[in-house]
Amino acid sequence: EMGKILCGISRPIHFNGVAQVVARLFDIVKPNYAVFGEKDYQQLLIIKSLVERQGIETTIVSVPTLRESDGLAMSTRNNYLSSEDRAKAPLFYQQLVVTKAAIQSGVNVSRAIEQVVDFLSTVFDVEYIEVLNANNLTQITTSSSEIIIISAVKLGETRLIDNIVFRRSDV
């Protein structure tokens, strides 16, 4: 089910393919550990779920998103940005940081999403921005301990994804 939301909406078979390739790789290599970045957080959770459901004896280690000096998440996709779009791209992450701060200061989550979508829509084609439970990508509740602001936008012809994970105690 996790593969049918967020990025899975615009890429309906992508995560099935990823899961098949990773399962086959793990079957052949039998690694003790596998390291995945948090930039593609949905994919990370799908792989963790795959390992758990199939009883694969590999520990999945997540590592924080690596960022350029201006905050843009590192990605090979950044190479497709024109110089003009590359100059605008850091606004994406900057606004996620602003949204996190707004939520932490008590702004209603729906209102915070509305504000960031309104702002980002002036520069980007916003695919989605959601505030969800970071453990399972479901709606947050009062018992959600980790929260994620997860998003995808398009700048020119380039699709960018990014997120911020924070603990409920940070709110």
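Which element gives the largest share of the lining of the second largest cavity? In this predicted model, that share comes from S5, with 3 residues. Residues are numbered from 1 along each chain as its sequence is written. Local features require a pLDDT of at least 70 and side-chain atom pairs count only at pLDDT 80 or more, while totals for chains, interfaces and linings use all residues, and side-chain values use heavy atoms, with hydrogens and water left out.

Confidence was examined through pLDDT (the predictor's confidence in each residue, from 0 to 100). The protein has an average pLDDT of 92, and 98% of the residues score at least 70.

Grid points are joined across faces, edges and corners, and a volume is the space filled by probe spheres set on the points. The search of the whole structure returned 2 cavities of 30 Å³ or more.

The largest cavity has a volume of about 60 Å³. Its lining includes Lys39, Phe92, Arg159 and Asp162, and strand S5 (residues 158-167) gives the most to this lining, with 4 residues. By class (Ala, Val, Leu, Ile, Met, Phe, Trp, Tyr, Cys and Pro nonpolar; Asp, Glu, Lys and Arg charged; the others, Gly among them, polar), the lining divides into 5 nonpolar, 2 polar and 4 charged residues.

The second largest cavity holds about 50 Å³ of space. Among the residues that line the second largest cavity are Cys7, Lys39, Tyr41, Tyr128 and Asp162. Two or more residues each come from helix H3 (41-53), strand S4 (146-155) and S5. This lining comprises 5 nonpolar, 3 polar and 3 charged residues.

One aromatic pair was counted (ring centres of Phe, Tyr or Trp, the last by its six-membered ring, within 6.5 Å; planes under 30 degrees apart stacked, over 60 edge-to-face, the rest tilted). The ring centres of Phe92 and Phe124 are 5.9 Å apart and the planes stand at 45°, so the pair is tilted. Phe92 belongs to helix H5 (residues 90-104) and Phe124 to the loop between helix H6 (109-120) and strand S3 (125-133), so the pair ties together parts that are 32 residues apart in sequence.

Methods:
1 Å grid on protein atoms, 1.4 Å probe; cavity = no way out; pocket = protein on both sides within 12 Å on 5 of 7 lines; lining within 4 Å.
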